[in-house]
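Please examine the sequence and the model displayed here before reading on. The account is intended to be read alongside them.

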There are 2 protein chains.
Amino acid sequence: MSVVDLFEPDGIAVIGASKTPGKLGNDAMSNVEAYDTEICPVNPSSSGSVFGYEFVDSVHETDADLALCCVPAQLQPDVLEECGEAGVGAAVIFAGGFAEAGAKGHELQNRTEKIAEKYDISVLGPNTAGYAIPHLDLYGSFVPRIRDVQTGSVGVVTQSAGVGITLSFQLVREGYGVSAMFGLGNRMNTTFADLIPVLDDDPRTDSIVLHVEGTEDIDNLLSVSQAADTPIAAFKVGEHDIADFARAHTAAPAQENARYEDGFNHRGLVTVSSTTELIDAGRVLADSPRPDGPNVGVVTAQAGPGIIITDYLKGTKATFPELMSETRERLDDLLPGITYTENPVDTGRPMPAFGEVVDVVARDENIDIVLVYEIYEDSLGYPVNELGALSEEVEKPILFTVAGPDHALEDERRQMEKRGIPTFDTPERGAQAVAALIDSISGD
Amino acid sequence: MSVVDLFEPDGIAVIGASKTPGKLGNDAMSNVEAYDTEICPVNPSSSGSVFGYEFVDSVHETDADLALCCVPAQLQPDVLEECGEAGVGAAVIFAGGFAEAGAKGHELQNRTEKIAEKYDISVLGPNTAGYAIPHLDLYGSFVPRIRDVQTGSVGVVTQSAGVGITLSFQLVREGYGVSAMFGLGNRMNTTFADLIPVLDDDPRTDSIVLHVEGTEDIDNLLSVSQAADTPIAAFKVGEHDIADFARAHTAAPAQENARYEDGFNHRGLVTVSSTTELIDAGRVLADSPRPDGPNVGVVTAQAGPGIIITDYLKGTKATFPELMSETRERLDDLLPGITYTENPVDTGRPMPAFGEVVDVVARDENIDIVLVYEIYEDSLGYPVNELGALSEEVEKPILFTVAGPDHALEDERRQMEKRGIPTFDTPERGAQAVAALIDSISGD
């Protein structure tokens with residue numbers, strides 16, 4: 001058994017496909033038809049075609065590697081049996097009503113799992129909204145408009161597909177994308193530990209983000225995460241007692257968060273505590289070099305937000321070293337006497353020399369990471385070229401926190417990102433991204 | 001002395017006005033010319049006009065109530081003396097180099113303050129980017145594009161004008177506005193305690209948000225806040241030791257956060273710990289009724305984000321009561337057996353009856369606040385009309401957390417807000433807004 005048929009299916013059967021808009025079997029067809037392969041809608045009660053594909057009565061009439069199962073839970077064992085007989089290698093089971101739904105559901109999941117085992121079928125789900133691999137135009141999901149999700153360099157694996165969808169659409173909203181997004185649901189036989197190594201090997205995936213509610217394969221999850229070369233950020237939900245609700249969701253066992261946090265206290269691994277932090281950690285881990293240490297230099301054009309950033313980072317593993325004396329001399333030349341040239345460096349206002357100030361701080365040997373804050377002004381713009389050149393010359397993370405009128409700064413923001421300067425749009429998000437970078441070099 | 005000339009100036013002098021784009025005295029002119037009054041650019045070294053207004057040599061030649069002072073710090077005492085002689089009632093001093101800049105700056109500020117006292121001039125600043133009252137088109141600031149800031153119902157008073165600008169532009173980005181925004185800077189004689197009562201009396205201001213680094217008038221700040229009828233949220237920066245940098249910024253004295261937190265542990269007052277939380281607290285306090293208690297009912301169409309929300313709220317003063325038995329019966333009728341009909345109520349997927357589910361929970365007598373989470377689907381849309389009608393009938397806060405493709409959900413999101421349902425765009429933001437509401441009814 002391998003998950004490869006989820007990634008490169010030759011032929012896809014949509015079992016329970018439907019002509020009726022709004023039905024799950026119609027939504028799944030509308031998404032999967034973007035992928036360049038033979039698509040076979042399977043439904044013995046339908047005839048004619050849907051999205052231009054002819055209905056067939058049975059999966060036996062197809063040559064599909066992958067089945068998207070749009071049928072109710074109780075039909076699933078029979079459907080999977082047929083899939084096995086027809087040589088299907090991977091299946092997505094969307095329906096709920098399995099292990100998350102009491103004893104009867106548990107029994108149904110066990111029965112289905114045995115069939116998957118017998119035929120060596122990789123099952124994503126049950127109880128999932130599916131997955132997306134935008135660079136292949138492969139959207140194995142019933143979620144409307146999931147095809148809006150663009151290609152990016154962050155791989156997303158979530159226990160709750162709802163969280164995976166939420167993260168993906170937030171990335172879209174902010175102008176980013178995913179290398180792949182998998183909602184695991186009940187993890188019948190496709191788990192975190194199966195997907196992390198595949199994403200780790202994927203050259204399009206530069207970081208992996210995980211959403212975990214609680215999973216039986218915690219030891220495997222921790223060991224494959226620790227073994228991965230790709231940096232990983234994880235949001236383990238369940239700081240408080242939510243076991244009852246979580247079990248009713250994806251059949252998550254109640255587990256101590258401490259066990260995850262211990263396991264993630266490892267070089268290359270990061271833990272966060274919100275969806276926005278998870279996205280930002282994924283982006284900064286994908287787009288920045290690893291820092292050599294926790295020494296942060298803050299350069300700000302406005303003291304107030306700089307103080308918010310500094311205050312936040314003082315509650316993390318970040319340190320604020322003194323700048324070298326030659327750095328301070330150069331800053332004194334660049335800046336009028338009234339501003340603050342310690343670390344943080346405060347230029348008082350945006351100014352033509354702002355890029356040069358960042359450059360001087362970034363080249364200081366005491367500094368491992370530079371975090372910049374500047375409210376945009378049209379007459380000055382952002383120092384895109386200076387920082388672009390700097391990021392090519394200096395192997396240190398340089399992060400830029402933007403503020404101001406969005407439509408004015410958007411272009412230059414995207415240009416900075418193309419040149420290796422990740423950007424963030426509140427003081428806290430910039431500071432949290434720095435904390436994630438430092439977390440990624442901490443631990444065993 | 002009164003701050004009224006900041007709010008309704010009849011005649012504005014821009015001292016140090018300039019024809020040169022990018023200069024502070026030009027930027028200030030470009031902003032203030034939107035206001036319907038006589039605008040007088042004052043500069044003895046300039047002739048002709050700027051933005052259609054003729055230069056005059058001295059403030060004596062004007063009949064201005066308000067002076068925007070765009071001159072360097074060392075010229076300020078003389079300039080303010082002239083303003084006083086000319087009958088100016090309020091002045092904004094943009095320049096830095098006063099109390100935040102060591103002993104000499106302190107002396108300069110004291111000297112300037114005595115002149116303000118002698119002539120009874122309300123001074124905003126020094127060391128500020130100014131203020132904005134969008135509904136009057138009054139932008140007393142040099143910040144480019146500050147005229148993008150729209151009218152809203154949240155009043156913003158920040159110690160750092162940079163933070164005020166940051167908050168204002170974040171509100172713009174997200175489709176909201178301010179009733180007024182004041183950056184205090186060094187608080188020469190216009191402090192939190194002067195502005196809060198004015199905003200409290202302003203019928204356009206439904207909530208007030210404060211950014212505090214540390215201020216001499218802490219007792220007054222706390223007492224006027226406690227006396228205000230308008231709900232107030234405050235972000236007190238300085239959880240960690242940043243005293244040195246903060247003093248160099250707005251001459252903020254180092255103060256225990258505990259003192260603020262004690263003072264804000266009062267009905268109607270809320271403390272938060274990030275700029276985004278501050279904005280969201282302002283919005284929800286402005287747009288929702290006060291809840292009767294801390295009993296939250298969560299309704300979610302996707303369990304995973306619902307679990308994130310619940311986990312977050314379990315770390316706050318929120319409680320999750322059992323639903324009444326009749327509520328549970330009605331939910332059992334509306335929802336298939338596989339979903340979770342305790343509190344949180346999980347519908348498993350968006351569904352036509354989703355609005356009805358929210359309605360049933362909102363009418364439960366055990367519930368004081370309803371928080372909803374739903375990923376948008378085109379074929380269903382959001383239950384705008386049902387929730388709009390509900391919010392008119394039920395005097396409880398109903399908050400809606402949105403997710404999905406932005407361009408699809410934007411319209412309905414704005415419609416919900418018009419009908420009294422504040423919306424938020426990540427699970428955490430929705431949960432934090434609920435926490436702010438509960439915080440606002442807690443304390444003495």
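The model is predicted: local features require pLDDT of at least 70 and side-chain atom pairs pLDDT 80 or more, whereas totals for chains, interfaces and linings use all residues. Residues are numbered from 1 along each chain as its sequence is written, chains are lettered from A and ligands numbered from 1 in the order in which they are written, and side-chain values use heavy atoms, without hydrogens or water.

Chain A contains 16 helices and 19 strands; these elements are DSSP runs numbered from the N terminus, with helices being H or I of at least four residues and strands E of at least two. Along the principal axes, the C-alpha trace of chain A extends over about 80 × 45 × 30 Å.

In chain A, 67% of the 444 residues are buried, where buried means under 20% relative accessible area, exposed over 50%, and partly exposed in between (1.4 Å probe, protein chains only). Among the contacts of chain A with a separation of 6 or more, 74% join residues 24 or more positions apart; a contact means heavy atoms within 4.5 Å.

How many disulfides does the structure hold over all chains? There are zero, a disulfide being a pair of cysteine sulfur atoms within 2.5 Å. In general terms, such a link is a covalent bond between the sulfur atoms of two cysteines. For A:Cys40, the closest cysteine sulfur belongs to A:Cys83 and lies 12 Å away, too far for a bond. A:Cys40 is buried, at 7% relative accessible area. The sulfur of A:Cys70 has its closest cysteine sulfur in A:Cys69, at 7.4 Å, which is also too far for a bond. A:Cys70 counts as buried because its relative accessibility is 14%.

In chain B, residue B:Glu54 belongs to strand β4, which covers residues 53–54. Is B:Glu54 buried or exposed? With 56% relative accessibility, B:Glu54 counts as exposed. Beyond its neighbours within four places in sequence, B:Glu54 is in contact with B:Pro41, B:Gly48 and B:Ser49. The C-alpha atoms of B:Glu54 and B:Cys40 are separated by 7.0 Å, the two residues being 14 residues apart along the chain.
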